[in-house]
Amino acid sequence: MQLKINNLKFTINLKHIIAVCLTLFVANGILAQEIIDETPVVEKKVDTIKPTTNIKVDGVSAVVGEYIILESDIDKTFLQLKAQGGDPSAISRCQLFGKLLEDKLYAHHAIQDSIVINDAEIRSYVGQQLEQIKQQVGGDMQKVLDFYKKADEQSLRDEMFEINKAQKLGSEMQRKIIDEIEVTPEEVRQFFNKIPKEERPTFGTELKVAQIVIEPKPTQLEIDNVIAKLKAIKKDVEENGANFRSKALFNSDDPGSKKNGGALPPMNRARPRMVKEFREVAFSLQEGEISEPFKTQYGYHIILLEKIRGQEYDVRHILMIPEVAETAIQEAKDKIEETKKNIEEGTITFADAAREVSDEVETKYQGGQLINPATQDYNFELTKMDTEIYVKIQDLPNNEVSEVLVDRDEIGNVQFKILTVTDRIDEHEANYARDYLKIKELALNEKRLNAIAKWQEEKIQDTYIKISGQYRDCDFTNNWLKK
């Protein structure tokens, strides 16, 4: 059974091919589409759009609602794809043009549906993109400007902002289309039964993996010192008018935000992204208030709440991570080696040892069992596992304990791990009972794709679309020409 995805199959395949062109600077800032109602090029009313003398008619490949696609957009996307190591020959010009049409259709209707995009968040993201691009050329902004043929940094930022905003509008529109789509167990059963036996998917070798993690701990004295430093910063800002941004720049251990004075992307009550402890403190503050020091898995923080805008909170923070002594690192190493020995000698089971000594709260109460974030079950496809773990366990017999693995957490602190395979399922044809969660995901994806296809079909008919020149001869799956 072929999944009914129309040209969406191309859309999905193309995404990984041109992903590099649509992440850092979204095609590296080369796609120069602009919203028409912000330029003199096209009249604002969609039903009366006409090109003016300010634009070359043969330079406009298409108009989709309030957006235009220029001929140069397609050319430069191909150049960027090639520059990033992609194979432009694998994608036809018509296919890429169709993808751009879809992107603009989403963005146009996001505006019509009054989807709100946070400009501050986009600017923050642009700043991060620009920093990453600068790092690729040794930190030289002039090299960046020369590469993108921009006279100054602000014009580059402005163009990056418009491109990222249009992309964000499009992605939010897509999310809105599929956000509330779910599948019932009966729909999953019907989906599976429609697949001819000879066409049922094959799932690769899967493992259930458990781990025990021991983390070296800082001394209480070091923790107290960090808390005292954070309290002193809070007092200096509140009583002496010191600048919180400067304090973050010179004191924070968070490399991602310190260069921006501790600024984080806006926090949204409806779609929280930060860890629970951080959210609870941030959402309890008043504008201008600085929190007391508090702990998360990353270290110790203070937060400045700068502004509340409806559901969104603009915050800055300072993170300090207590130093861990070499003696504590050795103690952690000795502890996990002793735990491994006890398990191998049979004095304790792996699951009981995890519950007793593991420092990883997310797994210890399940006997160390890892949960696959993609499927929310305990099974991991062997070939899709983290490479370092894969090497350690690919040949590990069930219930044997791996060698001690030295790892680092999200903030770079050393950890010691041991792993075991609690179950192994060899490569097999999809089985409804055993593989229910994977089959459910396939059924949900098909339902979402069908919803998107239906939405596209309806919106194409309702939207002003004009395709020029050679592109009218493309063999589109979608009815862009409204024939």
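Predicted model: local features only at pLDDT ≥ 70, side-chain atom pairs only at ≥ 80, totals over all residues.
Close-up 1. F192, by contrast, is buried, with a relative accessible area of 6%.

**Close-up 2. A stacked pair, Y106 with W455.** Let's turn to the aromatic pairs, of which a search of the whole structure finds seven. One of them joins Y106 and W455, with 5.3 Å from centre to centre and 20 degrees between the planes, and it is stacked. Y106 belongs to helix α4 (residues 93-112) and W455 to helix α17 (residues 436-462), so this pair ties together parts that are 349 residues apart in sequence. Both Y106 and W455 are buried.

**Close-up 3. A tilted pair, F192 with Y432.** Here we return to F192 and Y432, whose rings form a tilted aromatic pair, 5.6 Å centre to centre with 45 degrees between the planes. This pair links distant parts of the chain, 240 residues apart: F192 sits in helix α8 (residues 185-194), while Y432 sits in the loop between β12 (428-429) and α17.

**Close-up 4. A cluster of rings: F97, Y471 and F476.** Have a look at F97, Y471 and F476, which ring pairs link into a cluster.

**Close-up 5. Charges over ring faces: R123 with F161, and K438 with F203.** R123 lies over the face of F161, and its distance from the ring centre is 4.8 Å. In the other example, K438 is placed over the face of F203, at 5.6 Å from the ring centre.

Note on methods. Residues numbered from 1 in each chain as written. Heavy atoms only, no water. Phe/Tyr/Trp six-rings, centres within 6.5 Å; stacked < 30°, edge-to-face > 60°. Helix = DSSP H or I, 4+ residues; strand = E, 2+ residues; numbered from the N terminus. Buried < 20%, exposed > 50% of the residue type's maximum accessible area, 1.4 Å probe, protein only. Lys NZ or Arg CZ within 6 Å of the ring centre and 35° of its normal.
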